[in-house]
Amino acid sequence: MIRTAIIGAAGRMGRELCRAVLEDENMELAGGTVEPGAPELGADLGELCGWGKSGVSATEEPPSDAEVHIEFTSPEATIEHLSYGKSVVIGTTGFSDEHHKKLEEAAKSVPVMLAPNMSVGVNVLREVVSEVSRKLGSSYDIEVVEAHHKHKKDAPSGTALFLGRAAAEGRGLDFDEVAKYGREGVSPRSEGEIGVHALRGGAVVGEHRIVFYSEGEEVEVVHRALSRRTFADGAVRAAKFVASASPGLYSMGDVLS
Ligand code: NAD
């Protein structure tokens with residue numbers, strides 16, 4: 001049994017994670033934290049996620065005996081929580097370059113698994129996108145379009161960047177040099193550009209489309225998350241991986257392989 005604490009247990013993903021851990025026979029829910037002063041403080045985590053009474057309450061600080069943390073909060077909170085010094089699976093998105101340096105620093109002493117999308121499908125798709133991009137070649141124009149629910153804070157999504165990088169990689173391009181975020185006004189397409197566009201609305205869990213256009217055809221690679229459970233299941237799989245991993249920065253690719 002891997003004693004696991006959910007950091008950000010009252011969030012949309014936090015609740016899904018509590019349920020996934022409670023339902024997994026090899027995992028034990030050691031605790032779950034909420035933002036200081038949050039109304040869910042002291043609530044039963046099983047009841048909070050609709051699983052039923054678990055006897056584990058939401059706290060402001062994680063229990064000291066948790067072996068692994070799973071964190072889906074905000075970039076600032078996640079960086080602050082590196083001071084816990086625990087093996088951690090991080091699903092939070094929207095990190096800056098400065099944040100990434102701190103994550104790399106933390107990974108020198110504990111295993112840190114970081115993935116902007118924990119679903120198995122998206123991570124398998126990464127290879128497919130890179131390969132399709134390579135095989136179609138430079139005459140095909142690439143556009144990445146993502147859609148999420150209206151409460152999502154960061155744009156474009158971490159997954160759009162992840163898949164955009166894969167498309168650029170397949171062509172030997174540096175994504176940061178060719179990415180074009182949205183278009184407005186007079187904005188003709190330049191050679192090798194990869195357009196990235198974010199739609200926000202309703203309750204969309206997550207959709208990513210990578211489109212390759214030539215003069216004569218359109219090739220589209222699509223991923224649609226049907227429920228947040230797919231991210232939670234991936235995070236639980238990653239938690240089992242980090243529980244016995246050496247210090248280092250890991251991706252979902254490491255977990256799946
Ligand atoms: P949310 O706003 O519903 O939940 C975030 C929760 O974190 C909130 O309940 C908030 O109160 C809590 N929080 C903030 N600071 C905290 C602190 N210091 N201590 C404890 N809790 C704190 O958002 P969400 O939809 O659950 O998404 C959370 C993050 O996960 C976002 O960055 C989102 O983009 C990302 N996400 C990643 C994946 C993935 O597969 N990697 C999938 C879905 C969402």
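Predicted model: local features only at pLDDT ≥ 70, side-chain atom pairs only at ≥ 80, totals over all residues.
Glu-143 sits in strand E7, which spans residues 141-148. Is Glu-143 buried or exposed? Its relative accessible area is 10%, and because the limit for buried is under 20%, Glu-143 counts as buried.

Which side chains, then, meet that of Glu-143 in polar contacts? One is Arg-183, at 2.7 Å. Another is His-197, at 2.6 Å. Leaving aside residues up to four places away in sequence, Glu-143 also touches others, among them Arg-189, Arg-209 and Tyr-213. Gly-195, Ile-210 and Val-211 belong to that list of contacts as well.

The largest has 38 residues. Within this core, the residues with the most contacts are Ile-6, Leu-17, Leu-45, Ile-70, Val-89, Met-113 and Met-118. Several elements each supply at least two of its residues, including strand E1 (2-7), helix H1 (12-23), strand E2 (27-33) and strand E4 (68-71). Helix H8 gives the most, with 7 residues. As general background, nonpolar side chains in soluble globular proteins tend to be buried together.

With residues up to four places away in sequence not counted, Ile-6 touches Leu-17 and Ile-70, and its other contacts include Cys-18, Val-21 and Leu-29.

I turn now to the aromatic rings. How many aromatic pairs are there? The count comes to 1. Phe-241 and Tyr-250 form it, edge-to-face, with 5.1 Å from centre to centre and 80 degrees between the planes. Elsewhere, a charged residue meets a ring: Arg-126 lies over the face of Phe-162, at 5.4 Å from the ring centre.

Finally, I would draw your attention to Pro-75, which belongs to helix H3, residues 75-80. Pro-75 is buried, with a relative accessible area of 12%. Not counting residues up to four places away in sequence, Pro-75 touches Thr-92, Thr-93, Gly-94, Phe-95 and His-99. How far apart are Pro-75 and Tyr-250, C-alpha to C-alpha? They are 18 Å apart in space, and 175 residues apart in sequence.

Key:
Residues numbered from 1 in each chain as written. Heavy atoms only, no water. Helix = DSSP H or I, 4+ residues; strand = E, 2+ residues; numbered from the N terminus. Buried < 20%, exposed > 50% of the residue type's maximum accessible area, 1.4 Å probe, protein only. Contact = heavy atoms within 4.5 Å. Core = buried A, V, L, I, M, F, W, Y, C linked by side-chain atoms within 4.5 Å. Polar contact = N/O pair within 3.5 Å; in protein donor to acceptor, adjacent residues only side chain to side chain. Phe/Tyr/Trp six-rings, centres within 6.5 Å; stacked < 30°, edge-to-face > 60°. Lys NZ or Arg CZ within 6 Å of the ring centre and 35° of its normal.
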